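I opened this notebook to keep track of what I looked up in a structure that was new to me. The entries follow the order in which I looked.

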Amino acid sequence: MSDLSNKKPETGAFFGRDRSQHPPAYTPGYKTSVLRSPQKALLSLDGTVSEITGPVFGHSILGELDNDLIHNFAKSGESAIGERIIVHGRVLDERARPVPGALIEFWQANAGGRYRHKKESYLAALDPNFGGCGRTITDENGYYIFRTVKPGAYPWPNGVNDWRPAHIHFSIFGHGFAQRLITQMYFEGDPMIWKCPIVQTIPDRAAIEQLVAALDWSATIPMDARAYKFDIVLRGRRSTLFENRLEGN
Amino acid sequence: MVQPLGYLKESASQTAGPYVHIGLTPNFAEITGVYPVDLGTAMVNDRTQGERITVTGQVIDGSGTPLRDALIEIWQADAAGLYNSPSEMRGSADPNFTGWGRCPCDLATGEYRFETIKPGRVPFKDGRLMAPHISFWIVARGINLGLNTRMYFSDEAAANAEDPVLARVEHRVRVPTLIAIRDGSTYRFDIHLQGDRETVFFDI
């Protein structure tokens, strides 16, 4: 993000992760977690240079249609089928400061709830004009925006009749490897959010609500697309000002 | 009453799910024509300094079965021990080495593979040198929050013995779970999610 800001890079260690915000590893309601959840205590480590640094992705990696899922896989002159929406918001850290230069990658099912993936077996139809992936990089204010179709809900093998609420997967790079995060965005007003075993892995109701994007009427484009606003919060980091750090860290 | 501190809460993690490849490695998922290449595929080029190595292994669940839908990212210093990052204040890293790699596990075998270089040593917070290591981040269906660990090198016994992070592993019998075994130029690093050989995972 050096091309976005004259500010000195921050080198403080990240705040300890508040794990009460996150799902625990073992969540038997989500069956796949049972054999994939570490059972021993984690080794706590205040960040060293290995954790506080991270890769940077320049805007030069981005193609013109990377943040337009309606068109980035579509044949020329065609577009994906579904409810046209805009998703936008900011990436902030726990200190409420914007995170500029953050790479955000997103993926989702099509409007019928079908993913374009060889392991996918849902009988809903593929849309020949919808790939389901996109990416962008936040600007100097931490702001991002992309266009897509609203994904459909879909059934999945867990309980006999479990369905995922409509959602978009987000992967976010902040400035340090310890900020790495994958999460999912849900849609305001969807009653299925509260029935989902994957949502329910999060123990804190407010933490779930933080993943529900609000219908943003002001940002809606008349006769074109409705907008949803989704802010993402990454871990904050300490100031190094008063820390007695040895040279080199 | 006191003044509010005004901190926000980190967004909760949710599993990467079974279709993580669509978003992070679409070409691998046969969604072609959107991005020219999948990010993190090439860490080195012809001019990268340092000893070329291959890092490979599997992520293994509590039944002993390799995960075939996991995705791994790694982050490491260059051969001189510098990170290719704006937050690296000690000098400029090798511009021909990204330090970051991303690899989906093979859909049939579960094997991951990185072509990289052996990293140099970087300092711990108190200035002591840590042993050469590579940071790992593992996500998959059924993993609710990405798992962090480190890989150390079996041919660095002296450095490993004085590494301040390895020294903090209370149960010494678990230290070998963090050490990749060298065979030629290849290091094998299997990650066990559960069981007697459960890898030491970090809260970083």
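**Entry 1: the model.** I note at the start that this is a predicted model.

**Entry 2: the interface.** I looked up how chain B meets chain A. I found 80 residues of chain B in contact with 97 residues of chain A. The two chains bury about 7800 Å² between them, and 58% of that area is on carbon and sulfur atoms. I then asked which three residues supply more of the area that chain B buries against chain A than any other three. They are B:Glu10, B:Gln14 and B:Tyr19, with 11% of that area.

**Entry 3: salt bridges.** I looked for salt bridges across the interface of chain B and chain A, and there are 9. I also looked up the side chains of A:Arg180 and B:Glu73, which meet in a salt bridge with an N to O distance of 2.7 Å.

**Entry 4: the largest pocket.** I read off a volume of about 560 Å³ for the largest pocket. Its lining has 30 residues. Nearest the centre of this pocket lie A:Trp156, A:Pro157, B:Pro18, B:Tyr19 and B:Arg141. B:Tyr19 was also in my interface entry, as one of the three residues that supply 11% of chain B's buried area. Strand S6 of chain A, residues 154-156, gives the largest share of the pocket lining, 3 residues. By class I have 13 nonpolar, 9 polar and 8 charged residues in this lining.

**Entry 5: cavities.** How many cavities of 30 Å³ or more does a search of the whole structure find? It finds 3. The largest cavity has a volume of about 60 Å³. It is lined by 14 residues, and the closest to its centre are A:Ile182, B:Ser13, B:Val139, B:Leu145 and B:Gly146. I see that strand S9 (181-187) of chain A and strand S5 (133-139) of chain B each supply at least two residues of this lining. The lining divides into 7 nonpolar, 5 polar and 2 charged residues.

**Entry 6: strands in chain B.** I followed strand S7 of chain B, residues 179-183, to its partners. Strand S6 of chain B (residues 147-153) runs parallel to S7(B), and 2 bridges join them. In this pairing B:Tyr152 stands opposite B:Ile179. S7(B) also pairs with strand S8 of chain B (residues 186-188), here in the antiparallel sense over 3 bridges. B:Arg182 stands opposite B:Tyr187 in S8(B). S7(B) and S8(B) form a hairpin with 2 residues between them. In the turn, B:Gly184 has a positive phi of about 65°.

Conventions. Residues are numbered from 1 along each chain as its sequence is written. Chains are lettered from A and ligands numbered from 1 in the order in which they are written. This is a predicted model: local features need pLDDT of at least 70, side-chain atom pairs count only at pLDDT 80 or more; totals for chains, interfaces and linings use all residues. Side-chain values use heavy atoms; hydrogens and water are left out. Two strands pair if DSSP finds at least two bridges between them. Helices (H or I, at least four residues) and strands (E, at least two) are DSSP runs, numbered from the N terminus. On a 1 Å grid over the protein atoms alone, a cavity is a set of points where a 1.4 Å probe fits but cannot get out, and a pocket is an open set with protein on both sides within 12 Å along at least five of seven lines; lining residues have an atom within 4 Å of a point. Grid points are joined across faces, edges and corners, and a volume is the space filled by probe spheres set on the points. Ala, Val, Leu, Ile, Met, Phe, Trp, Tyr, Cys and Pro count as nonpolar, Asp, Glu, Lys and Arg as charged, and the others, Gly among them, as polar. Contact means heavy atoms within 4.5 Å. Buried area is the accessible area (1.4 Å probe) that two parts lose on being put together, summed over both. A salt bridge is a side-chain nitrogen of Lys or Arg within 4 Å of a carboxyl oxygen of Asp or Glu.
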